[in-house]
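Hi,

Here is the structure I said I would pass on. Have a look at it first, and then read my notes below.

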Amino acid sequence: MLIRQSDPIVAVATAPGRGAVGIVRISGKDLSGFVQAFFGRSLRPREATYLPFADAQGQSLDQGLALYFPGPHSFTGEDVLELQAHGGAVVLQLLVARCLELAATPHGGTNGSILQGLRIAEPGEFSQRAFLNGKIDLTQAEAIADLIDASTEAAARSATQSLSGMFSKQVHNLLEALIHLRMLVEATLDFPEEEIDFLQKADALGQLQKLQAAVQQVLQQATQGALLREGITVVIAGQPNAGKSSLLNALAGAELAIVTPIAGTTRDKVQETIQIKGIPIHVVDTAGLRRSDDAVEQIGIARAWQAIESADAVLFLHDLTRQNAIEYVAADADIASELAQKLAKNTPIIHVWNKADSATGRAPQPGIVLSAKTGFGLDVLRERLLVSAGWQPSTGGNFIARQRHLQALRQVDAHLMEAYAHLSTGANALDLLAEELRLGQNALSEITGEFSSDDLLGVIFSKFCIGK
C-alpha cells in the first residue's frame, strides 16, 4: 500500500446499506482539473455547493453537496473532494464509477487523463495518507478506527481523547525527557577528558528516576485504555445444572442460553458481551464439566476447557443446594484441581455460589453468594469482575490504547531499568547506558509512528474500513 501512495484514490466513505446521506470521497495531489471537468466549474474551498452530479451524457445521477478541500488543509493533506448524495448503495456506486470514468478521460487533447491513475482506495488508505503526510500520528490514526468500533460510551469517549492527541502528548513528553537525558550521556561520551562530571551536575540519576515514574504512570493509564477497548473474557465453568446458562442470561439481561433441568443441555460455547461501567466483559457459558460417555457432550466439554484455558478470569459456579451431596462436592474438588493445573498463575478464579434463593445452608468457602434466578448478588459479582479486570476509575479522563502500546511501554520501562543499573555502576558503563536509552527512545517512537516499519503500518491500516 505504501508503494502506491502517490495514486489518487476514491471510495464510498459511509457504511454499506440504505441511508439518508452517503458520501463518496476522493483524495489526490491536484484535483482542480477533475473538479472543473466533473462540474463544469470550480468550487470555493471548504464551502458546500448544491449541484447535480451528472454522468458522461450529462444526465443527472443525483443532486447533492460537493465540498472541496485543497491540500494541505484537508484530512489527508492532499486535495480532497467529498460528494454528499442520497444514501442508496446503487447511487453511490454509480458516482464512484463516474469518477473513475471521468478520471480516465483524455485531457486537453493530450495522451494524459484528467486524473491519472485514480483507483479504488484500500481499507484505511485515507487515514494512512493523513498519517504519512503529518496530519495525524499513529495513535490518532488508530483512535479513528477505535472510535468507529467502540462498543461502549466510555470507549467512545476515550477514543475521542486519543484522537484529540491526549495520548500522543504524553508520549511526546516522555520522548523529550528521554532525549534530553540521552543528550547529557552522549555529551559525556564525546568529551571524556573534561573534569566536570556532566551527569552528576545535571542530576542524571534523578532525571532517570522521574522518567521511570512518568513511564509507569502512562503505562497504568494505557492499561486502563486497553481495557476500555478490548475488555476481558470471563468463562463460566462448573458442573452441569449449577446454573451457568441462567447466570449468563441474568448478566446479559436476555434469554441467550437454553435453560432446562436436564444435565448436559449446553453442548457448545455461548458468548455475550456485556458492559460494566463502560468496560466490555465477554462472558462465555460452557458445557458442564463432568465425565460423560456421550460423544457430542465430550466435544462440548473439551471446548469448555479450551475456553477456560484462554480466559482472563474464570467464574467457578457452585450449586449451594447440593453442598451436602458427597459426590457433587468431590466432583467440584476435581474441577478445582484441574483448574489449578491448567490455568496460568495470574488468572483469577472467582468462586460463585448460586441458587441462594433455594438453599438453606451457607457457602462452605469464601466466594460470592447469589441467585441467578432472582438477581440477588449480581451487583456484587459485577463489581468483583471489574476488580479482577484491574479497572481503576480515573477522574482525569482516559485515552484508548492497544496491546502494542502496552508492549512498547513495557519495553521502555525495561530499558530504563537497565539504564538505571548502568548509571549506578559509574562511568565504565556509559556506553551501555547510552544504548539502553536509545532503545527506549525507539520503543517510545513506535507508539506514535515516528519509528515504525512499513509492515507494522500495513497491518494497522488494513484493519480500517474502506473509505476511512
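Predicted model: local features only at pLDDT ≥ 70, side-chain atom pairs only at ≥ 80, totals over all residues.

What follows is a walk through the things I found, starting with the whole chain and then going place by place.

**The chain as a whole**

The protein chain has 468 residues, and 47% of them count as buried. Its secondary structure comes to 15 helices and 12 strands. I also looked at contacts between residues at least 6 apart in sequence: 66% of these join residues at least 24 apart.

**The phenylalanines around α1**

F38 belongs to helix α1 (residues 32-39) and F53 to strand β3 (residues 49-54), so you are looking at a link between distant parts of the chain, 15 residues apart.

With F39 it makes a tilted pair, the centres 6.1 Å from each other and the planes at 55°. Here too a residue of helix α1 meets one of strand β3, so the pair ties together parts that are 14 residues apart in sequence.

How buried are these rings? F53 has a relative accessible area of 0% and is buried. F38 is buried as well, at 8%, and F39 is buried at 13%.

**α1 against α2**

The partner is helix α2 (residues 89-103): the two axes are 11 Å apart and the packing angle is about 115°. α1 and α2 are therefore roughly perpendicular to each other, and the crossing is right-handed.

**α4 against α5**

Next, go to helix α4 (residues 138-149) and helix α5 (residues 153-163). Their axes come within 8 Å and cross at roughly 160°. Which way do α4 and α5 run relative to each other, parallel or antiparallel? They are roughly antiparallel, because an angle over 145 degrees counts as such. The crossing of this pair is left-handed.

- from α4: Q140, A143, I144, D146 and L147
- from α5: A156, A159, T160, S162 and L163

Sorted by class, the contact of α4 with α5 has 6 nonpolar, 3 polar and 1 charged residues.

**Some spots in the loops**

A few backbone details are worth a look too.

- P72: the peptide bond from G71 to P72 is cis, with omega near 5°. P72 sits in the loop between β4 (60-69) and β5 (79-86).
- N241: this residue is not a glycine, yet its phi is positive, about 65°. You will find N241 in the loop between β7 (232-238) and α9 (244-252). With a relative accessible area of 29%, N241 is partly exposed.
- K355: here phi is also positive, about 70°, and again the residue is not a glycine. K355 lies in the loop between β11 (349-354) and β12 (368-369). Its relative accessibility is 23%, so K355 counts as partly exposed.
- A429: this one is in the loop between α13 (403-425) and α14 (430-448). Is A429 buried or exposed? It counts as buried, because its relative accessibility is 7% and the limit for buried is under 20%. From A429 to A419 it is 10 residues along the sequence and 9.3 Å in space, C-alpha to C-alpha.

Cheers

Note on methods: Residues numbered from 1 in each chain as written. Heavy atoms only, no water. Axes fitted to C-alpha atoms, helices over the stretch in contact; angles between N-to-C directions. Helix = DSSP H or I, 4+ residues; strand = E, 2+ residues; numbered from the N terminus. Parallel < 35°, antiparallel > 145°, perpendicular 65-115°, else oblique. Left-handed = near helix turned anticlockwise from the far one by under 90°. Contact = heavy atoms within 4.5 Å. Nonpolar A, V, L, I, M, F, W, Y, C, P; charged D, E, K, R; others polar. Buried < 20%, exposed > 50% of the residue type's maximum accessible area, 1.4 Å probe, protein only. Phe/Tyr/Trp six-rings, centres within 6.5 Å; stacked < 30°, edge-to-face > 60°.
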